[in-house]
Amino acid sequence: MTTPELPGASSVQTSPHQPQQSPPAPPNYGAPLEASAPRPRKPKKQSNVVGLIALIAAAIGFIFACMPGALIVGWVLLPIAFVLAIVSLFIKRKAKWTGVTALIVSIVGTIVGFVVFSSVVATSFDNAFGSGDTTVAPPSGDAGAKDQAAAKEDPAANAGTRENPYPIGSVIESDDWRVVINSVKLAATESVVAANQFNEAPAKGSEYALINYSATYVGDDADGQMPAFVSVDYVTANGTTVNRLDKSVVAPKAFDTSSTLYKGGTATGNIAIEVPTATAGKGVLAVRPGMVADKVFVAVK
């Protein structure tokens, strides 16, 4: 018995042993685009601790290098900052700007410190030693005035030279110091040896001369000055200079060279110099009122 065909049914019959075909795949419009991978970021450089320390040290050193009274602090800190700055530049993966800045500041600070130091030294030298101008006024009394008048009338006399020394009591003055030779005592060996138990007797053929002088500070340094660089030496008849240090002895009522004098302050005392006995009275004193002041000569009697 045949089964009647339904209207519209397909005339194609499927064999029970024929595999069924899978439905058609949907159209392929292409694989989805993959998202682009983010670019790797450069790691941020870490702060440079060594460079930061160098920068701080350089800044502080620079400040102190500009202060005349605290230069030593700057001289200590600036080299340290310079070395640390160099080290910081070789540390890997660390910021370099602090090290570079510290290096520049330390170099500039050193230059500034050197300029300030030079200025301080120049000022101190000028304050301590004064200028080279030396003036001499005659001692009080008619004899001194006559000697000065004679020297002015006769330019060939060259007052103040070894051949024509100024008389004792002349006022010898520079910008900073006023010096007066008050007295000269030859053949003072006995009093000098008795002044201190450690004083040695003079060499054979020599004796001690005792020179008393006054030094007055007339400069303008508010910190005052010591009269250590006011020099009084003895020049022998044959032109040899002898000073108090050639044979160290303590004179009676010795002149104090180490105490600071302020404007108007005066130090007075004795110095002992070993001089040849035979020509002791033929020598002269070489007086310099300050280290760079002009030297003048004063008679010993």
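User: What makes Trp75 and Phe117 one of the 3 aromatic pairs in the structure?

Analyst: The structure holds 3 aromatic pairs. Trp75 and Phe117 form one, with 6.5 Å centre to centre and 90 degrees between the planes. Rings of Phe, Tyr and Trp (its six-membered ring) pair if their centres lie within 6.5 Å; planes under 30 degrees apart are stacked, over 60 edge-to-face, the rest tilted. So this pair is edge-to-face. The pair links distant parts of the chain: Trp75 sits in helix α2 (residues 71-88) and Phe117 in helix α3 (residues 97-129), 42 residues apart.

This is a predicted model: local features need pLDDT of at least 70, side-chain atom pairs count only at pLDDT 80 or more, and totals for chains, interfaces and linings use all residues. Residues are numbered from 1 along each chain as its sequence is written, and side-chain values use heavy atoms, with hydrogens and water left out.

User: Why is Trp75 called partly exposed?

Analyst: Its relative accessible area is 32%. Buried means under 20%, exposed over 50%, partly exposed in between (1.4 Å probe, protein chains only).

User: What makes Glu173 and Arg178 a salt bridge?

Analyst: Their closest N and O atoms are 3.2 Å apart. A salt bridge needs a side-chain nitrogen of Lys or Arg within 4 Å of a carboxyl oxygen of Asp or Glu. The pair therefore qualifies. Glu173 is partly exposed at 25%, and Arg178 is partly exposed at 30%.

User: Which parts of the chain does the salt bridge of Lys263 and Asp220 link?

Analyst: The two side chains meet at 2.9 Å, N to O. Lys263 lies in the loop between β6 and β7 (266-276), Asp220 in the loop between β4 (206-217) and β5 (230-235), 43 residues apart. Lys263 and Asp220 are both exposed.

User: Why are β6 and β9 called edge strands?

Analyst: Two strands pair if DSSP finds at least two bridges between them. The open sheet runs β6-β5-β8-β9, with antiparallel pairing. β6 (241-242) and β9 (296-299) each have a single partner strand, so one side of each lacks a neighbour in the sheet. Strand β8 (residues 284-289) pairs with β9 over 4 bridges.

Technical notes. Helices (H or I, at least four residues) and strands (E, at least two) are DSSP runs, numbered from the N terminus.
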